[in-house]
Amino acid sequence: MNDKSSELSEDRFELALAAYAAGIRQPASGLDNAVMARVRSLSPRGRRGFLQWLLAPQRVNVRPIVLAFAASVALLLMWPGRAADTGLASAGTVLVRFELVAPEASTVSLAGSFNSWSQDAIRLVPSAAPGLWTATVPLKVGSHEYLFVVDGQRWIADPTAHAQVADGFGQTNSIIVISPRGVVKS
Amino acid sequence: MLVERYRIEFGRYATAMVGDQDTAEDALQEAFIRAFQSLQSCREPSRFKHWFFRILTNQCHNARARRRTEPLDQHDTPARERADRPMEQDELGRAIEGALNELTAEQREAFVMKHVDGRSYEEIAELLGAGVDALKMRVYRAREVLRKKLEGLNGA
């Protein structure tokens with residue numbers, strides 16, 4: 001085999017690897033519900049269900065800054081003709097500010113049910129306060145689960161979230177609930 | 001949700017490891033259930049991902065072993081999509097899929113993580129608990145096996 005044919009073979013080989021990798025399928029998202037249905041059938045704790053949790057009385061801890069932000073969003077929502085200047089990003093969507101104190105972190109991102117748990121989609125940025133990372137994110141009305149990802153590796157719950165929900169695997173996700181009026185519970 | 005997160009992160013790995021999408025979904029589902037049932041044995045919750053990955057990999061190896069004993073017509077959802085690519089590329093891709101059966105389990109794991117998931121050697125080392133040099137060697141050997149197989153098929 002001469003040099004030229006080796007080069008060609010190498011090219012075709014790399015082409016084959018790329019074609020193979022590009023065609024590999026991702027398992028369907030229906031798998032998630034199937035797994036959780038089986039997990040719930042195994043776990044008495046899991047049978048409680050998220051809906052029951054939502055309907056039951058819960059202790060809610062709210063940070064003053066978040067409360068102030070939510071209150072201002074609510075006020076602006078009720079102010080006639082000012083909707084465009086409020087925390088509403090668009091109809092049915094509310095701007096929510098997320099914060100995490102992580103002085104040792106090099107990067108902090110936000111992953112949740114609203115972005116398919118992508119680690120890279122939403123980056124928090126360092127604020128003027130030392131160690132405080134923030135991001136303001138448009139979220140749809142409803143309930144969302146989320147976690148912070150520190151340095152691309154450590155998944156941590158929001159220590160100030162009003163509620164944490166078991167993910168069924170011994171860890172917890174933080175919960176944020178946004179009402180149709182734009183009021184945020186966090 | 002955790003299941004969604006790890007399905008997205010390890011889904012294509014599972015598909016490439018077992019060779020078809022349906023079997024990969026079964027392997028993932030079994031891995032999640034086994035992880036749930038043996039949570040007590042996860043001694044470092046911060047390393048849940050690595051622990052789950054090992055369970056999943058074992059499920060994939062088991063599924064592949066079972067798959068080899070089943071009739072071909074039971075595998076009706078292939079691992080690879082029909083893509084809008086030139087015929088030759090698609091054929092080469094399919095040839096790689098067939099040639100993967102020639103690899104050892106360790107070579108296949110490392111090869112898939114490198115060439116399907118696109119992970120760095122450092123990431124692979126972290127997940128597999130192996131050294132970077134050893135992993136480079138596994139991937140190199142896997143590539144050589146695949147290259148020879150393809151050359152044989154194409155008469156190169």
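**The interface and the pocket**

Biologist: How many residues does the contact take from chain A and from chain B?

Modeller: Please keep in mind that this is a predicted model. With contact counted for heavy atoms within 4.5 Å, chain A gives 41 residues and chain B gives 47 residues.

Biologist: What area is buried between chain A and chain B?

Modeller: Carbon and sulfur atoms give 60% of the area buried between the two chains. The total between chain A and chain B is about 4,500 Å².

Biologist: Which side chain of chain B meets A:Arg38 in a salt bridge?

Modeller: Between chain A and chain B the count is three salt bridges, and the interface also has 12 residue pairs in polar contact, with both residues at pLDDT 80 or more. In one of the salt bridges, N and O lie 2.9 Å apart, and the partner of A:Arg38 is B:Glu30.

Biologist: Which element gives the most residues to the side of chain A that touches chain B?

Modeller: The elements of chain A that give two or more residues to this side are helix H1 (3–22), helix H2 (30–42) and strand S7 (142–150). The largest share, 12 residues, comes from H1(A).

Biologist: Which residue of chain B is among those nearest the centre of the largest pocket?

Modeller: The largest pocket holds about 820 Å³ of space, and its lining has 11 nonpolar, 11 polar and 11 charged residues. Of the 33 lining residues, those nearest the centre are A:Gln119, A:Gly152, A:Gln153, A:Trp155 and, from chain B, B:Lys49.

Conventions
Residues are numbered from 1 along each chain as its sequence is written. Chains are lettered from A and ligands numbered from 1 in the order in which they are written. This is a predicted model: local features need pLDDT of at least 70, side-chain atom pairs count only at pLDDT 80 or more; totals for chains, interfaces and linings use all residues. Side-chain values use heavy atoms; hydrogens and water are left out. Buried area is the accessible area (1.4 Å probe) that two parts lose on being put together, summed over both. A salt bridge is a side-chain nitrogen of Lys or Arg within 4 Å of a carboxyl oxygen of Asp or Glu. A polar contact is a pair of N or O atoms within 3.5 Å; within protein, one must be able to donate a hydrogen and the other to accept it, and residues adjacent in sequence count only if both atoms are side-chain atoms. Helices (H or I, at least four residues) and strands (E, at least two) are DSSP runs, numbered from the N terminus. On a 1 Å grid over the protein atoms alone, a cavity is a set of points where a 1.4 Å probe fits but cannot get out, and a pocket is an open set with protein on both sides within 12 Å along at least five of seven lines; lining residues have an atom within 4 Å of a point. Grid points are joined across faces, edges and corners, and a volume is the space filled by probe spheres set on the points. Ala, Val, Leu, Ile, Met, Phe, Trp, Tyr, Cys and Pro count as nonpolar, Asp, Glu, Lys and Arg as charged, and the others, Gly among them, as polar.
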